[in-house]
Amino acid sequence: MLRAARNSFSPPRVRANGRQRAGVTLAWLCLLFVGAYAQEPPPPPVANPQTDDVVRINADLVQADVVVLDRAGRFVDNLTRADFVLDVDGRQFPFAFFERITTGSGDEEAQLALARGRTGDLTATAAAVQPLDRGRNCFFFVDDFHLSPAGTQQVRSLLRRFIETDLGQNDQMAIISASGVIGFLQQLTNERAVLLTAIERIKPRPPISDYQTPPLSVYQALAIEQRDVELLDFFAAQLIKRENASMQLEQARPIVVERAHALLQQAADATAKTLFGLESALKPAAALPGRKLVFFLSDGFYIDPQNSTSLGQLRRIANTAARAGAVIYALDTSGLSTDLPGVGNETFGDPSGRLLHASVGAIQAAQDPLHALAADTGGRAVFNSNSLSAGVTVALNETARYYLLVWQPDAADGQGGKFNRIAISVQGHPEYKVLVRRGYFRLDADTMPRVLSARPQPKPGRRVSPAPQTAPELISAIVAPYPVSALPTALSLSYQDVPTLGPVVSVAVLVDGAGIAFAAPTGEPGAVVEVGGIVFNQDGRQVASFKNRLNINAPADGPRPADWRGVVSQYNVQLTPGLYQFRVAARDLRTGQTGSAMQWIAVPDLAARRLTLASLQLGEVVSGGAGGPDKAQTHIRPNIGGRFAAESHLRFRTYVYNATRGSEQLPDVVLQVQIFRDNQPVVTAPLRPLPTRGAADLARLLYEAELPLTTLPTGRYQLRVTAVDRVAKMTTTQQASFAVR
């Protein structure tokens, strides 16, 4: 299937088609805050069901995703609409829509869209949708405010293992910390270099303590706050013994109470930051298609209703998760426990066992919020296990499939901020365990906030005036946590080491032609598209930016090339070795529609003298031309969106750097080409030696090949090229994703 390519791609030109700026402008400063989900939170807001705590599809429908497990914990398949009973606040409702969905499939996105519709035979239409291998979205929220050093090591090991064994080819994951220490890297991605760097930033924080003797735990402080006189007197006696033997018990008690209150304030602050960070991470996930799986990793914490608003925050998180289509699985990172207190405080003299008695139930109380987060969102909590990976496996298996149930509530449901409690069961099977969120709030149609509003359209023939500065809509699309799709935009990055220049990243932005609006031919540009982008390093610092305005002269009713896919804006950026994220956005000035894309790329350090491959540059070989087959011509079309026609050929190229020279001062390198689908190889070509004799530049060895796609079914794939230096006994790999349509 693999044959050598005869033609080559054009070498990159180190310049920008447009204006390239290296400085930070005021308009772009807001982008520096992307990814910092969990910084210092504002005062906890008061829950307002009329504006925030709302689960809605539209004014008439409510949905719930349901997992049904048998006694062995296996998903119960082949259930029908008639098998389910829905109870909302004691009243039963029929279903307006029912569907079984596979998480991460293309079907999931289409079926959820159909559930939000109100007309037609939705079930029949959904059955015709073809899967597109979209993959799962997994979020790992690390509660590093409540994480011991041992728990931190557990979390880091879990995340590394997930990346190596569980992260699918089309999956994406985000690692988010409650403290925000991960910073700019806490974004949804499947770039392993980004994820591994994020893991290294997770570190244990100082424990919640007042650093006094004897140590007072948060749980003991709660008991003192709730008037546990025996425990209060114990610490008061210790204070008298340590500070002033002449002090009376009545004088020592208020000091201990104040100490307990100060510790609880410290604990409440840490808990508020954790819950604020989790809610902030969930909110933007509503823009993503499909169901999201959230792992909450924590040693546990305590809810103090007198000194915090944690109960309200937990309720808000449950509603935010429901609106985002997220289910939370809480994993207790403290490991195995017996719920028996330690005996460390016995050294302070406690023959009556008051400390031991007051500490009974501490572990269970710390686990209660984890259980609430999971149960309220339709997930589960995993406690008392030294194998967090086992809990992750359970969650992945349980959420791989689910039933989508949609119903029309009564008009009075949700009025006045009323919480509607959900109970769903399977008829005739009381032994089945049904995982579903506990309830929802609902808004009236006339009070629903209008998030989207129609934009006034210019009259035909009206001239589009150039904007004097970057449009706010373009900036908003770039800073959005997830890509904006109103104007489909694709991004392609390619690293290459250029002689005399060093590392250069070639950037190509494709704006889909189907989304561009053309005016009637009046002599002016048919369409105008503004493109902008920013380059960030792994710390979120801007290192480059670019901007361009494209005048497209195609008439609205004139012919376009049959293979015209849109317009391309190209740039080249010189960068030092490191990890970078490119964020780009495009805006149609006629309609105001915007689109965005983002991508990470690692620029290697060739000075380290390690065997390295340049990025894989992909092109599509197609046949075209008029006059019959004899006059048809074959040409190469650079492929930016990574989507190839099934009848075409995939052309790719790369460079091998730092190959060690052996006999006759020539390198000895062999390469293997593989194509993967769902992490499984579907094409494996034999090892091929890289020709080096007569090469123009032994420091940059060019390799090109071509691969027919006719035998590959529709879907997403990964091209993987491995180079082996047989002189230095070194190996390196480069990969690129593509789709066959």
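Is Pro214 buried or exposed? In this predicted model, Pro214 is buried, with a relative accessible area of 2% (buried means under 20% relative accessible area, exposed over 50% and partly exposed in between, with a 1.4 Å probe and protein chains only). The model is a prediction in which local features need pLDDT of at least 70 and side-chain atom pairs count only at pLDDT 80 or more, whereas totals for chains, interfaces and linings use all residues. Residues are numbered from 1 along each chain as its sequence is written, and side-chain values use heavy atoms, with hydrogens and water left out.

The chain contains twelve helices and 33 strands (DSSP runs numbered from the N terminus, helices being H or I of at least four residues and strands E of at least two). Of its 741 residues, 52% count as buried. Contacts (heavy atoms within 4.5 Å) between residues at least 6 apart in sequence join residues at least 24 apart in 76% of cases.

Pro214 lies in the loop between α4 (192–200) and α5. Helix α5 is largely enclosed by the rest of the structure, because seven of its eight residues are buried. These buried residues are Val218, Gln220, Ala221, Leu222, Ala223, Ile224 and Glu225. Arg227, which follows α5, has a positive phi near 70°.

The axes of α5 (residues 218–225) and α6 (residues 229–243) come within 8 Å and cross at roughly 115° (axes are lines fitted to C-alpha atoms, for helices over the stretch in contact, with angles from 0 to 180 degrees between N-to-C directions). The two helices are therefore roughly perpendicular to each other (65 to 115 degrees; under 35 counts as roughly parallel, over 145 as roughly antiparallel and the rest as oblique). Gln220, Ala223 and Ile224 of α5 form this contact with Leu231, Leu232 and Phe235 of α6. By class, five of the residues are nonpolar, one is polar and none is charged (Ala, Val, Leu, Ile, Met, Phe, Trp, Tyr, Cys and Pro count as nonpolar, Asp, Glu, Lys and Arg as charged, and the others, Gly among them, as polar).

Helix α6 also packs against α7 (residues 249–282), at an angle of about 110° and with the axes 8 Å apart. This arrangement makes α6 roughly perpendicular to α7. The residues of α6 in the contact include Leu232 and Phe235, and those of α7 include Leu249 and Val256. The contact of α6 with α7 comprises eleven nonpolar, no polar and three charged residues.
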